[in-house]
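Dear colleague,

I am passing on the structure below, together with some notes on what turned up in it. Please read the notes with the coordinates open beside you.

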Amino acid sequence: MSDKSTRGIWKVISASSMGTLIEWYDFYIFGSLAVVISTKFFPDANPTAAFLSTLATFAAGFVVRPFGALFFGRLGDIIGRKYTFMVTLLLMGGATFLIGCVPSFETIGYAAPILVLVLRLLQGLALGGEYGGAATYVAEHAPKDQRGYWTSWIQTTATAGLFVSLVVILATKTVLSAEQFDQWGWRIPFWISILMVLVSYQIRKKMHESPAFAKAKSEGKTSTNPLKESFGNKYNLKFVLLALFGATMGQGVVWYTGQFYAMSFLKTVMNVDSNQVDMLLGIALLLGTPFFVFFGWLSDKVGRKPIMLAGMLLAVLLYRPIYKTMYETVNLENRPRAEAGILPDGIDVEKGEVYLLSSANYIDGTVTSTRETYELDESKTLGMGNAKDSKTTVFVNDTDKWTLVFLVWIQVLFVTMVYGPIAAFLVEMFPLKIRYTSMSLPYHVGNGIFGGLLPAISTYLVTNAKSSGDPKFYLEGLWYPIIIASISFTIGLLYLTKKDMTQND
Amino acid sequence: MDIIKKILGIVWIAMALAAAWFCIFDFGLPKFSTGKQEDLVFGIIILFVLTPLIVAGLAAFGWFALKGEYDAKKM
């Protein structure tokens, strides 16, 4: 490539990646601030609000994304890639900014959770339309033999968006007091989004339409009904199904296991301090992100299929040993204690409860903090029976922290193997005139549905195993990603051929 | 290889049926009787989104495979 064309493609990459990163950022801050959002808009005591909360979490993340893929994919194949992904950017930014402006449940009642739900659905729709547009736009600018490398920059944005959301929230919490953050400071990460979106919009506005699409449009070779041509045509439908079951389904579960289940496992199964988990996940993401580009580049040399399938196979084979080691790294059984102390934490006479806070220091530097709730008897005196509720938080020592960073990093590495080359893989599988529509649907079904349901399904499997007394209950949640990735690996290995993946060069 | 792809078509269809049974009777319907709101939403999503996608999608994929649509000469 000449210097001029290299500079040109870097402009395309910057404009596309910046916008996609912001969309992921917008999508993730809702999840990262879920606890404070639920207290403001979805109070626990109110069952209708709690119902809307669950709907907002599930519906936007899983159900709406494929619809966004269909709606905006169709637009992108008819009107153009550039205008469509500018619309998704503005839609996402506007919805995110407005979530930060909605008055609380206390102020406007049910209108608050309903507004947040509607805005969250718009976020899901926008996300469904954004990715396919950005990936297609970049791929159609890149030289054929470098598509894996250039599109891999788009692939870094999902992880980078999660990372930026964690950093912005952490910075806001650091600058403000806990009270300020709880009262109004949590709105800042939502408001910041609109500034980033406007900057990105200005950059994208100056970009030209994808040259391949512009040429096809000027020659009247674009599709008039992309949905029908994508899914009503048997020849194309079989490739959509192959892309879903032979690639994106497995990629989705590997992605969600590495980036979210690992976090949820440490926080809820192993009770590691939430801030420590965020920190070690952040480090693992930071160290892992360059590998998206590495595996994208490598896929141009050795092919997309071997790298993606190797990532799935490694995940299938190594998830159980990795999680067993994570469990053993944090497990406190047989660990010698240095000292222990108990401090009374507080009494709530109204509720008839007393709280005791105890801590234990271990010789290796691990510290635990346990908060137990006891009921006062009828005379409001402390009758110490069994604790009504007990929550232990583990603060891991430095050595264990780095062991955990390493174990999460390995999982992020699997993510980079399956996810780094996938944009180029999907782009090359479908013809230009229905590319946006055809690639967006399997991507968002694989990630949004198969991947997005992973935390809920895996938690269900762990809970079931725990209640039935299985001593290895903590590994049971892994069956879902292992089985799905195994099926996807088998289908990919047998049915994907080099010809399928390069037929639309 | 084409023969293996066709034979596996039956496996994918059988797997779609097994997934339907598991998603409906083991995973979806029991969620409606727990009395928890979040389980209700989760059950609806399992039954009306995940199940149709897995079952119809995997069955269609298996059917295409069985009919030889993924044979080398047809790709």
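A:V138 touches A:V12, A:I13, A:S16, A:W150, A:T151 and A:I154, leaving aside residues up to four places away in sequence, where touching or being in contact means that the C-beta atoms of two residues, placed from the backbone, lie within 7 Å. Before going further, please note that this is a predicted model, in which local features need pLDDT of at least 70 and side-chain atom pairs count only at pLDDT 80 or more, while totals for chains, interfaces and linings use all residues. Residues are numbered from 1 along each chain as its sequence is written, and chains are lettered from A and ligands numbered from 1 in the order in which they are written.

A:V138 is also one of the residues with the most contacts inside the largest nonpolar core, together with A:V418 and A:L426, and that core has 156 residues. A nonpolar core here is a set of buried Ala, Val, Leu, Ile, Met, Phe, Trp, Tyr and Cys residues joined through C-beta atoms within 7 Å; a residue is buried if 20 or more other C-beta atoms lie within 10 Å of its own, exposed if 12 or fewer, and partly exposed in between, with C-beta atoms placed from the backbone. The element that gives the most to this core is α12(A), with 19 residues. Because domain 1 (1-222) and domain 2 (235-332 + 395-505) of chain A both give residues to the core, it lies between them.

As for the domains themselves, chain A is divided into domain 1 (1-222), domain 2 (235-332 + 395-505) and domain 3 (337-394), with bounds that come from an automatic or database domain assignment.

Of the 505 residues of chain A, 49% count as buried.

Chain B has 2 helices and 0 strands. Its radius of gyration, 16 Å, is well over the 11 Å that the globule rule gives for 75 residues, so chain B is more spread out than a compact globule. Along its principal axes the C-alpha trace of chain B spans about 55 × 20 × 15 Å, and buried residues make up 25% of its 75 residues.

The contact between the two chains takes 21 residues from chain A and 19 residues from chain B. On the side of chain A that touches chain B, the elements giving two or more residues are α3 (47-78), α12 (234-269), α18 (435-451), α21 (479-495) and α22 (498-502) of chain A, and the largest share, 8 residues, comes from α3(A). By class, this side of chain A has 16 nonpolar, 2 polar and 3 charged residues.

One residue to look at here is A:L244, which has its place in helix α12 of chain A and is buried, with 25 other C-beta atoms within 10 Å. A:L244 touches A:M249, A:P442, A:V445, A:G446 and B:G57, again not counting residues up to four places away in sequence. The C-alpha atoms of A:L244 and A:F450 are 206 residues apart along the chain and separated by 10.0 Å. As for α18(A), 17 of its 17 residues are buried.

Finally, A:N271 lies in the loop between α12 and α13 (274-288) of chain A, and its phi is near 55 degrees, a positive value in a residue other than glycine. Most residues other than glycine have a negative phi. With 17 C-beta neighbours inside 10 Å, A:N271 counts as partly exposed.

With best wishes

Terms used. Helices (H or I, at least four residues) and strands (E, at least two) are DSSP runs, numbered from the N terminus. Ala, Val, Leu, Ile, Met, Phe, Trp, Tyr, Cys and Pro count as nonpolar, Asp, Glu, Lys and Arg as charged, and the others, Gly among them, as polar. The radius of gyration is taken over C-alpha atoms; the globule rule is 2.2 Å times the number of residues to the power 0.38.
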